[in-house]
Amino acid sequence: METRQKTLHLGIGGFPGGGKSTVMEILVERYGVPIIPRFTSRPPRPGETHSREYRFLEPDIFDVLLEKGFFFPKTVSQVEVSGKFCRTAIPRKKYWVKPPSGTNFILSFFGEKALLIRKEVPEMRLVFISCNDRSVLIE
């Protein structure tokens with residue numbers, strides 16, 4: 001009888017400019033690691049589109065998902081962007097992308113919000129990255 005390995009959930013956090021995106025890019029490009037995106041009602045920044053990190057939603061769609069319990073309530077945050085209030089949140093675990101067959105690793109880019117969902121995702125391992133030299137991370 002074949003036993004299935006548990007999926008490892010790795011949450012990456014760190015200060016702005018600390019290397020989180022670089023590590024994420026390496027894990028995705030070299031190893032095909034899937035990422036759990038955050039959802040936001042803010043407009044994309046210039047040149048930004050739906051990405052591995054974010055799913056951009058119209059505010060009314062975000063509100064419907066929030067009302068239906070799609071997000072971890074503790075992770076919903078609101079900020080003002082260009083005079084409008086926008087929200088960002090992390091979807092509940094049951095809505096996370098399933099890793100491809102043969103992959104037992106999934107990555108999240110939740111930053112400090114990962115601490116808020118530890119009780120509901122106890123298998124998540126958190127890594128804090130702080131590096132000011134991108135070449136060190138790439139090596």
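## A buried threonine to start with

The side chain of Thr40 has a polar atom 3.1 Å from the backbone nitrogen of Arg42. This is a polar contact, defined as a pair of N or O atoms within 3.5 Å; within protein, one must be able to donate a hydrogen and the other to accept it, and residues adjacent in sequence count only if both atoms are side-chain atoms. The model is a predicted one, in which local features need pLDDT of at least 70 and side-chain atom pairs count only at pLDDT 80 or more, while totals for chains, interfaces and linings use all residues. Residues are numbered from 1 along each chain as its sequence is written, and side-chain values use heavy atoms, with hydrogens and water left out.

Thr40 sits in strand β3. Helices (H or I, at least four residues) and strands (E, at least two) are DSSP runs, numbered from the N terminus. With 0% relative accessibility, Thr40 is buried; the word means under 20% relative accessible area, whereas exposed means over 50% and partly exposed lies in between (1.4 Å probe, protein chains only). Not counting residues up to four places away in sequence, Thr40 touches several residues, including Tyr54, Phe56, Phe62 and Arg87. A contact here means heavy atoms within 4.5 Å.

Where does Arg42 lie? Arg42 belongs to the loop between β3 and β4. Arg42 is buried too, its relative accessible area being 7%. Leaving aside neighbours within four places in sequence, Arg42 is in contact with Glu48, Tyr54, Phe56, Cys86 and Arg87. From Arg42 to Gln78 there are 36 residues in sequence, and their C-alpha atoms are 9.6 Å apart in space.

## The chain as a whole

The protein chain has 3 helices and 8 strands, and along the sequence they follow the pattern β-α-β-β-β-α-β-β-β-β-α. Of its 139 residues, 39% count as buried. Among contacts between residues at least 6 apart in sequence, 60% join residues at least 24 apart.

The chain exposes about 9,000 Å², and carbon and sulfur atoms supply 54% of that area. Accessible areas come from the Shrake-Rupley method with a 1.4 Å probe; for residues, only the protein chains shown count as cover.

## An open sheet and its helix

Strand β3 also has a place in an open sheet of 4 strands, ordered β4-β3-β6-β5 with mixed pairing. The edge strands, β4 (54–56) and β5 (77–81), each pair on one side only. Two strands pair if DSSP finds at least two bridges between them. From one strand to the next, the twist averages 25 degrees.

How do β5 and β6 run, parallel or antiparallel? They are antiparallel, joined by 5 bridges, and Glu80 has Phe85 in β6 as its bridge partner. Helix α2 packs on this sheet, touching β3 (38–40) and β6, and its direction makes about 45 degrees with that of β6. Axes are lines fitted to C-alpha atoms, for helices over the stretch in contact, and angles run from 0 to 180 degrees between N-to-C directions.

## Strand β1 and its pairing

Strand β1 (residues 8–14) is largely enclosed by the rest of the structure, because 5 of its 7 residues are buried. β1 pairs with β8 in the parallel sense over 6 bridges, and in β8 the bridge partner of Gly11 is Leu126.

## Three salt bridges

Side chains of opposite charge can pair when their charged atoms come close. A salt bridge is a side-chain nitrogen of Lys or Arg within 4 Å of a carboxyl oxygen of Asp or Glu, and by this rule the count is 3. One of them joins Arg87 and Asp63, at 1.9 Å from N to O. Arg87 is in strand β6 (residues 84–89) and Asp63 in helix α2 (residues 59–67), so this pair ties together parts 24 residues apart in sequence. Asp63 is partly exposed, at 27% relative accessibility.

Another joins Arg92 and Glu120, with their closest N and O atoms 3.4 Å apart. This pair links distant parts of the chain, 28 residues apart: Arg92 is in the loop between β6 and β7 (105–108), and Glu120 is in the loop between β7 and β8 (124–129). Both are partly exposed, Arg92 at 23% and Glu120 at 45% relative accessible area. There is also a salt bridge between Glu123 and Lys93, at 2.2 Å from N to O. Glu123 lies in the loop between β7 and β8 and Lys93 in the loop between β6 and β7, so the pair ties together parts 30 residues apart in sequence.
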